[in-house]
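Please examine the structure shown below.

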Amino acid sequence: MQTPQILRVLALAASVSIPVFSAMAEGEIPVGEFASLTGASASFGQSSHKGTELAVEQINAAGGVLGKKIRLITEDDQSQAGQPATIVRKLISQDKVVAILGEVASSKSLEAAPICQQNKIPMISPASTNPKVTEVGDYIFRVCFIDPFQGTVMSKFARGKGWKKIAVLTDVKQDYSVGLAEFFVKDILANGGEIVREQKYSTGDKDFKPQLTSIKAAQPDAIFVPGYYGEVSLIAKQAKLLGIKVPLLGGDGWVGDSLLKVAGKSLDGSFFSSHFSASDKAEKVQNFVSKFKAKYGEVPDDMAALGYDSAMILADAMRRAGTTESAALRDAIAGTKGFDAVTGMITLDANRNASKSAVILSIGNGGFEFVESVQP
Amino acid sequence: MIEFLQQLINGLAQGSIYALIAIGYTMVFGVLRFINFAHGDVYMLGAFAGFYTAPKLMGLFGGGPSYAGAALVLVSAMSICAVIGVLIERVCYRPLRQHPRLTVLITAIGVSLLLESGGQYVFGADPQAFPEIIADAAIEFPASWGIFSTLTITIGQVLVVGSTLVLLLVLRTVVLHTRTGMAMRALSLNPMAASLMGVNLDAILSFTFAIGSAMAGAAGVLTSIQQPSIDPLMGINAGLKAFVAAVLGGIGNIPGAALGGLLIGLLEALVVGYVNPTYRDPLVFAVLILVLLFKPSGLLGKPEREKV
């Protein structure tokens, strides 16, 4: 029994050390990516990774940047807390990456950001919308909008529709939901609208009839439900049963596989804001969608588009910097202005957050339909 | 006024679910004097049993939503849960019968964790959409009812309350009017004397677990008709609430468990509707503490003298 075990350990050691020996070929720029490729948030991670991968492939096919090809080194954080710190350290110290792309979940980005900041390696998060992420330091960027903006997008839309009396149903366990609701309510009240009822629930709740009964009694024109798809689908279903006919409004947390599977037709006529719509007719978007479909055989979602944009913005900054040296690259990323990305025109503001448009989608016929894009 | 009535209806429907689960807690406590903390997870398994059997069973009735098919799904989920309940007792609790009750209690917590983590492994952690076995819709009231015609009662709610009532009546008959029921009551009164009189302890315990688990399985399916999103952790919260209901009604007392369930459901609906939804869970558990402090025997339970 003893010998095989030793052999196994040796084999393991050998397999671990292989990347060290396969030192970086000259003429390649190593770029690190960390994503949840397995585990609970794997669907987010898989999407963003596919987008990033497609972008790098296209950049290299067009001749790469600075006369070199980009080599994407991807590590899986298994959707587990603690993993991002470990693998980002590995990417920086062992693979000598010049920049890091990741993650979707804000909690994971927040774990990696201090390490990137400390090592002065620029990090671009594709989809972490929590404001705290880029507050870590001046080397941390994102290509998505942040929660306060998204709340305001929906309130503008509601005002545009002439809905004056709005009810709000917030998930008190999610900073995301509370944040969106706060900025939504502020904007509605500041513009002469009325919040007729504010109700709350907690992640994991299944019965929303009491809250909805109270909301129904207030007779709103629309209901803002900035939660995640799991609860939203049940809320929609129960609202319909209780005879609530007004539209529901929400944010990018609605995007999820099971939303329409559970809600069925009860979300028809509702609206939510998001980063990207594959049914947007813009040429740039349609181009991306068809390339993505050709490579992966599926329609790209928000996370895929944001992953794609994060790599494209990095490549653009490298070209403008003319070097991959960290301070110059950081300055170039910070100077991103009016970059024409698939998720909209991206300008990075002084706080390293993307100032860009959001899209509004409507639900009907068992799918999402692009309605309009809203400028910041 | 209408809003208040509506909240009572909401609370009644949710309370019925708690009542069904609470019965399992109370029955097991009645005969074994320990809390089966894995019971909430049997409720979860009931929902998943329905989830997996529904496509086949509904197929027998044309595939679409139908009452006959739904009844069959309900019965099959109850049977599956009954078997699971018996297995849990046989494998996990029976070998520990001579051990201190604390050992069994801790084992129950272990079984609960096993079912939750195992469920995440087998069924996946993501919520799943429960198939539509009944076309749930609001029942239309004639306009001549005036203000009451604006009340919303859904078919799902009627079914939940109705099925709960039927199941409670069946249970009552079993416990009060059959030999097995008599043996159960004897066991709960004095296990030693009962077994001396020839009551087969093992058989009765298995039977108790079967009935309790079947009730939880029914609750799992009935919940999923109204809230068609199920996940492996759905039993935790529902189980805890039902446990509070069982204590409120007087643990060990079957009508008490049913009453406790309804009261907890009503309390929740009213707190959410009129106070603040964030206080819902804290208030329910405050009830547990208050009952234990001031009336440990519960609303319908008889004070028990500590035997020396």
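## The setting of one glycine

In which loop does Gly253(A) lie? Gly253(A) is found in the loop between β9 (248-250) and α10 (258-263) of chain A; helices (H or I, at least four residues) and strands (E, at least two) are DSSP runs, numbered from the N terminus.

The model is predicted: local features need pLDDT of at least 70, side-chain atom pairs count only at pLDDT 80 or more, and totals for chains, interfaces and linings use all residues. Residues are numbered from 1 along each chain as its sequence is written, while chains are lettered from A and ligands numbered from 1 in the order in which they are written.

Gly253(A) is buried because 24 other C-beta atoms lie within 10 Å. A residue is buried at 20 or more such atoms, exposed at 12 or fewer, and partly exposed in between, with C-beta atoms placed from the backbone.

Leaving aside neighbours within four places in sequence, Gly253(A) is in contact with Tyr176(A), Pro226(A), Gly227(A), Tyr228(A) and Tyr229(A). Contact requires C-beta atoms, placed from the backbone, to lie within 7 Å.

## Domains of chain A

Chain A is assigned domain 1 (2-145 + 283-356) and domain 2 (148-274); these bounds come from an automatic or database domain assignment. The centres of the two domains, taken over C-alpha atoms, are 33 Å apart. Five residues of domain 1 of chain A are in contact with seven residues of domain 2 of chain A.

## Contact between the chains

Chain B contributes 23 residues to the contact, and chain A contributes 24 residues. On the side of chain B that touches chain A, α1(B) provides the largest share, five residues.

Technical notes: Two residues are in contact if their C-beta atoms, placed from the backbone, lie within 7 Å.
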